[in-house]
Amino acid sequence: MDLRTLSPSYSVSPQITPEDIHELAGAGFKSVMCNRPDGEELGQPDFASIEAVAKAEGLEVRWVPIISGSVHQSDLDAFRTALEEMPRPMLAYCRSGTRCAMLWTITQYGTLPDADILSATQAAGYDMSGLLHQLHQHRG
C-alpha cells in the first residue's frame with residue numbers, strides 16, 4: 001500500500017485490495033472511502049469486495065465514485081458529507097490517489113490557507129497548484 005497523509009485525519013492511496021484492509025485497521029484507520037467507479041480498469045477490485053472485508057474489520061465504508069475528469073456539484077457534496085460524517089482517521093482511495101487529493105483540495109479551499117493545502121498535497125506527491133489557480137479564477 002502507498003498511504004499518503006494530507007492531514008492527521010485524512011490520507012489517500014492508489015487502489016487498495018481486500019487484503020490491505022487488515023493492515024489499515026491495524027494502523028488505526030476508522031473508515032475507508034472509495035472514489036473510484038467499479039469497472040474503471042480491468043482487474044480492479046470492486047467496491048463490494050473492499051466493503052465486505054472493511055465492515056468485517058469494523059471500519060466504516062462509503063462509496064463516492066467520481067468519474068475521472070468529470071466532477072459535478074453532487075459529487076463534491078457527497079464527498080464533503082462523507083468527510084464530515086465518517087469517523088477518522090479516514091483513508092480515501094482511487095486509481096492513483098490524485099482524484100482523492102483533488103476532491104480534498106476543493107473541499108478545503110477557502111477553509112484552509114492555500115499554502116497549507118499546497119504543502120500537504122505536495123508532501124504527498126500531488127501538485128494541486130493548477131487546481132487552486134482554477135478555484136481562484138472561478139471564485140473571481
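**Sheet, helix packing and aromatic pairs in the predicted model**

Strand S1 (residues 4-7) pairs with S2 in the antiparallel sense, through three bridges. The model described here is a predicted one. Two residues separate S1 from S2, and the two strands form a hairpin. Within this pairing, Ser7 stands opposite Tyr10 of S2. S2 also pairs with strand S5 (residues 90-93), here in the parallel sense and over four bridges. Ser11 has Leu91 as its bridge partner in S5.

In a regular strand the side chains alternate between the two faces of the sheet. For strand S2 (residues 10-13), both faces are covered. Tyr10 and Val12 on one side are buried, as are Ser11 and Ser13 on the other.

The strands S1-S2-S5-S3-S4, in that order, make up an open sheet of five strands with mixed pairing. S1 and S4 stand at the edges with a single partner strand each, so one side of each has no neighbour in the sheet. On average, and with direction ignored, neighbouring strands of this sheet are turned by 25 degrees against each other.

H4 lies across S1, S2 and S5 and runs at about 150 degrees to S2. Of the 11 residues of H4, nine are buried, so the helix is largely enclosed by the rest of the structure. The buried residues are Arg99, Cys100, Ala101, Leu103, Trp104, Thr105, Ile106, Thr107 and Gln108. The elements that cover them include the strands S1, S2 and S5, together with helix H3 (73-85), helix H5 (114-123) and H6. Just after H4, Gly110 adopts a positive phi of about 90 degrees.

Two packed helices are described by the angle between their axes and the distance between the axes. For H4 and helix H6 (residues 129-139), the axes come within 10 Å and cross at roughly 35 degrees. This crossing of H4 and H6 is right-handed. Met102, Thr105 and Ile106 of H4 make the contact with Leu131, Leu132 and Leu135 of H6. By class, the residues of the contact of H4 with H6 comprise five nonpolar, one polar and no charged.

A pair of aromatic rings is described by the distance of the centres and the angle of the planes. With a cut-off of 6.5 Å between ring centres, the count comes to three aromatic pairs. The ring centres of Tyr10 and Trp104 lie 6.3 Å apart and the planes are at 10 degrees, so this pair is stacked. Because Tyr10 lies in strand S2 and Trp104 in helix H4 (residues 98-108), the pair ties together parts that are 94 residues apart in sequence. Tyr10 has a relative accessible area of 2% and is buried. Trp104, at 4% relative accessibility, also counts as buried. Phe47 and Trp63 are stacked too, because their ring centres are 5.5 Å apart and their planes at 10 degrees. Phe47 belongs to helix H2 (residues 47-56) and Trp63 to strand S4 (residues 60-63), so this pair ties together parts that are 16 residues apart in sequence. Phe47 counts as buried at 8% relative accessibility, whereas Trp63 is partly exposed, with a relative accessible area of 37%. Ring pairs also link Phe79 with Tyr10 and Trp104 into a cluster.

Phe29 is placed in the loop between helix H1 (21-26) and S3. The relative accessible area of Phe29 is 9%, and the residue is buried. Apart from its neighbours within four places in sequence, Phe29 is in contact with Leu3, Ser11, Leu24, Leu59, Pro89, Met90 and Leu91. Phe29 and Arg95 are 66 residues apart in sequence, and their C-alpha atoms are 20 Å apart in space.

Methods:
Residues numbered from 1 in each chain as written. Predicted model: local features only at pLDDT ≥ 70, side-chain atom pairs only at ≥ 80, totals over all residues. Heavy atoms only, no water. Buried < 20%, exposed > 50% of the residue type's maximum accessible area, 1.4 Å probe, protein only. Pairing = 2+ DSSP bridges. Phe/Tyr/Trp six-rings, centres within 6.5 Å; stacked < 30°, edge-to-face > 60°. Axes fitted to C-alpha atoms, helices over the stretch in contact; angles between N-to-C directions. Left-handed = near helix turned anticlockwise from the far one by under 90°. Contact = heavy atoms within 4.5 Å. Nonpolar A, V, L, I, M, F, W, Y, C, P; charged D, E, K, R; others polar.
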